[in-house]
Amino acid sequence: MSKKVRAVKTKTQPKSAAKRTSKTDRRILRTRNLLGDALVALLQERNFEDITVQDVLDRAGVGRSTFYVHFRDKDDLFLSDVEDFFELCSGLLKRHNASPKRLLPVEEVFTHIREMREFYAAVVRSGKINDVIALGRGFFARSIDERLFSAGVKLDPLERSAKAHALAGSFFSLLDWWIDKGMKADPKEMDALFHRMAWNGLVNQ
């Protein structure tokens with residue numbers, strides 16, 4: 001997982017102000033990236049509870065006062081990084097103009113997790129995996145809800161929301177099964193399997 005924070009510009013700003021804002025945003029993004037990447041690296045070396053804020057600062061080369069401008073503590077840094085990751089994932093299909101029939105970027109997420117398997121194992125060891133799944137389920141449920149609406153699925157909004165949450169939960173169950181089986185199945189095949197189950201089961205019942 002890595003930091004991806006969008007810089008924001010308002011159209012009402014004068015050019016000079018917009019340039020200053022953009023420069024500031026890039027500096028903030030760089031700082032948050034450094035801190036997030038430092039924590040990711042440390043998590044692969046030791047247990048989460050053994051990592052101190054000072055460890056992160058030393059690895060990132062960032063000052064303590066700067067850290068506390070952005071985060072309350074290491075938990076806040078970790079969860080913020082996770083949120084950024086899931087925000088990127090949940091908006092991936094929309095950004096790529098994917099077919100509305102694709103409800104989640106299963107292939108892309110599975111591929112990323114396989115590439116980052118050591119980090120994933122470290123998150124599991126840290127005891128933070130339940131927090132990660134809870135955040136991911138929320139992001140993915142909202143994304144699926146929007147995708148179902150875009151696909152023209154005729155459902156009452158409450159029912160659509162409920163099914164979206166169920167499908168998000170199904171995604172993480174499938175991910176858990178895939179990891180338990182050694183991540184051997186091709187992510188593209190897992191994507192197809194998830195969407196077959198989604199459309200044939202929960203959606204079109």
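## Basis of the model

In this predicted model, local features need pLDDT of at least 70 and side-chain atom pairs count only at pLDDT 80 or more, while totals for chains, interfaces and linings use all residues. Residues are numbered from 1 along each chain as its sequence is written, and side-chain values use heavy atoms, with hydrogens and water left out.

## Overall fold

The protein chain has nine helices and zero strands. Its pattern along the sequence is α-α-α-α-α-α-α-α-α. Helices (H or I, at least four residues) and strands (E, at least two) are DSSP runs, numbered from the N terminus.

Of the 205 residues in the protein chain, 41% are buried. Buried means under 20% relative accessible area, exposed over 50%, and partly exposed in between, with a 1.4 Å probe and protein chains only. Among contacts with a separation of 6 or more, 70% join residues 24 or more positions apart. A contact means heavy atoms within 4.5 Å.

## Helix α4

Helix α4 covers residues 74–95. Its 22 residues should span 32 Å at 1.5 Å a residue, and its end C-alpha atoms are 31 Å apart, so the two agree. The expected span is 1.5 Å times one less than the number of residues.

At the start of α4, a side-chain oxygen of Asp73 comes within 3.1 Å of the backbone nitrogen of Asp75. Just after α4, Asn97 has a positive phi of about 50°.

Gly152 follows α7 and has a positive phi, near 80°. The buried residues of α7 include Ile129, Val132, Gly136, Phe139, Ile144 and Leu148.

Phe140 sits in α7. Phe140 counts as buried because its relative accessibility is 0%. Leaving out residues up to four places away in sequence, Phe140 touches Phe86, Cys89, Ser90, Leu104, Val109, Ala168, Phe171 and Phe172. Phe171 is 31 residues from Phe140 along the chain, and their C-alpha atoms are 8.9 Å apart.

## The largest pocket

The largest pocket holds about 170 Å³ of space. Its lining consists of Ser90, Gly91, Leu93, Lys94, Phe139, Arg142, Ser143, Glu146, Arg147 and Ser150. The elements giving two or more residues to this lining are α4 and α7 (129–150). α7 gives the most, with six residues.

By class, the lining has two nonpolar, four polar and four charged residues. Ala, Val, Leu, Ile, Met, Phe, Trp, Tyr, Cys and Pro count as nonpolar, Asp, Glu, Lys and Arg as charged, and the others, Gly among them, as polar.

## Cavities

The whole structure has two cavities of 30 Å³ or more. On a 1 Å grid over the protein atoms alone, a cavity is a set of points where a 1.4 Å probe fits but cannot get out, and a pocket is an open set with protein on both sides within 12 Å along at least five of seven lines; lining residues have an atom within 4 Å of a point. Grid points are joined across faces, edges and corners, and a volume is the space filled by probe spheres set on the points.

The second largest cavity has a volume of about 30 Å³. Leu39, Val40, Leu43, Phe78, Asp81, Val82 and Phe119 line this cavity. The lining has six nonpolar, no polar and one charged residues.

Notes. Polar contact = N/O pair within 3.5 Å; in protein donor to acceptor, adjacent residues only side chain to side chain.
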